[in-house]
Amino acid sequence: MSQSRLIEIETGILSKNDRYAAANRTALADRGILAVNLVSSPGSGKTTLLCRTIEMLGNQPLAVIEGDQQTANDADRIRATGARAIQVNTGKGCHLDAHMVGHAMEHLDLAPASMLFIENVGNLVCPASFDLGEEAKIAILSVTEGEDKPLKYPDMFTAAKIALLNKIDLAPHCDVDLDLYEANLRRVNPTIEIIRTSARTGEGIEAWLGWLRDRLDARSRTKAAE
Amino acid sequence: MHEMSLAEGIRGIIVDAARRNNAPRITRVRVEIGRFAGVEKEALAFAFDVVMRGSPAEGAELVMIDLPGQALCFDCGEVVEIENRLDPCPACAGTRLMPQGGDDMRIKDLEVA
Ligand SMILES: Nc1nc2c(ncn2[C@@H]2O[C@H](COP(=O)(O)OP(=O)(O)O)[C@@H](O)[C@H]2O)c(=O)[nH]1
Ligand SMILES: [Mg+2]
Ligand SMILES: [Zn+2]
């Protein structure tokens, strides 16, 4: 009869994901690629915003990784703009993980100084915990979702560097308080940047593009300084 | 919502560790879970039982240790401990707090036979 004994582990439960994420981050940095991870509930306008972003970015080399539980609809919508897209279906999975993204990155074989957009599975909870190796999580919150959503799902908005407050063209029709949206976002994340956008009218998209371009420039500067 | 994949992550790590230590059976697993990790403890306990079936950790006890949540208060500049994510600052009653850590999910140790 063997005696019971204790084995020290001291390892993060997500350490495997974090190792893949670190590898992705290195691969991206080596080529001066800017990767952003778009997170939101389903229907906030991620794909529509991406299509508009791609059209307005013109010649900027870029690609998209689309995450959904089922269908290739979103990758098809992206390809219709002329951009390259890979669909990752997570099946029952509620989030993209760094391994899936690394795999998709290999397939895309991105050119140096590209932008990589990752549209995560529509879910305000789980994607917050999974590092993909991205520069920033971008939370999309549409004005029809309710001002209290940042308070109800704080983790996602805490994990994000920017929030795009989308569908502001609908604000006059739906009795919403945009300042309250912003106050609640800042309550759960005092440093979050907020850009009000409409993927429909294009309002605010220039400011968002400006953020992306600044970050991409910063990437190539760090690369050049090496 | 992803407690199932967390349980699978735990299984991968502990089964590996047990094998390396020539331990045929895992009887207890202690994990530390930060207050802000977003883990639903009941869901994790359930997922743990399901996922460990057929592994050396089948029937093992899962012990979850709470780690306190810390946050930086943007009003008074103090790092304070808070119970819930939306609690006001205990030092100045400010409401703009940014979590500092407290989202850890770590496997501490295993008891094996
Ligand atoms: N009025 C308005 N509708 C929008 C806007 N952005 C997206 N939508 C609509 O919202 C619905 C969901 O958009 P989609 O991009 O599929 O959301 P996703 O699930 O986050 O990718 C579609 O019917 C879009 O046309 C916007 O800024 N204004
Ligand atoms: Mg979509
Ligand atoms: Zn304070």
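**Metal sites and chain contact in the predicted model**

In this predicted model, the magnesium ion (ligand 2) is coordinated at 2.1 Å by T47(A) through OG1, D74(A) through OD and E119(A) through OE. Donors are N, O and S atoms within 2.8 Å of the metal (3.2 Å for Na, K and Ca), and sites may look incomplete because water is not among the atoms. The donor residues of the magnesium ion (ligand 2) follow the spacing T-x26-D-x44-E in sequence. Distant parts of the chain are linked by T47(A), in helix α2 (residues 46-57) of chain A, and D74(A), in helix α3 (residues 73-79) of chain A, which stand 27 residues apart. Helices (H or I, at least four residues) and strands (E, at least two) are DSSP runs numbered from the N terminus. T47(A) is buried at a relative accessible area of 5%, and D74(A) is likewise buried at 10% (buried, under 20%; exposed, over 50%; partly exposed, in between; 1.4 Å probe, protein chains only).

The ideal angle for four tetrahedral donors is 109.5 degrees. C76(B), in the loop between β3 (69-73) and β4 (79-82) of chain B, and C92(B), in the loop between β4 and β5 (97-99) of chain B, link distant parts of the chain, 16 residues apart. C76(B) is partly exposed, with a relative accessible area of 31%, and C92(B) is partly exposed at 33%.

The contact (heavy atoms within 4.5 Å) takes 31 residues from chain A and 34 residues from chain B. About 2900 Å² is buried between the two chains, 62% of it on carbon and sulfur atoms; buried area is the accessible area (1.4 Å probe) that two parts lose on being put together, summed over both. Two salt bridges are counted between chain B and chain A, a salt bridge being a side-chain nitrogen of Lys or Arg within 4 Å of a carboxyl oxygen of Asp or Glu. The side chains of E10(A) and R106(B) form a salt bridge at 3.5 Å, N to O. On the side of chain B that touches chain A, α1 (3-20), β1 (26-34), β5 and β6 (105-112) of chain B each supply at least two residues. β6(B) gives the most, with eight residues.

Residues are numbered from 1 along each chain as its sequence is written, while chains are lettered from A and ligands numbered from 1 in the order in which they are written. Local features need pLDDT of at least 70, side-chain atom pairs count only at pLDDT 80 or more, and totals for chains, interfaces and linings use all residues, with side-chain values using heavy atoms and leaving out hydrogens and water.
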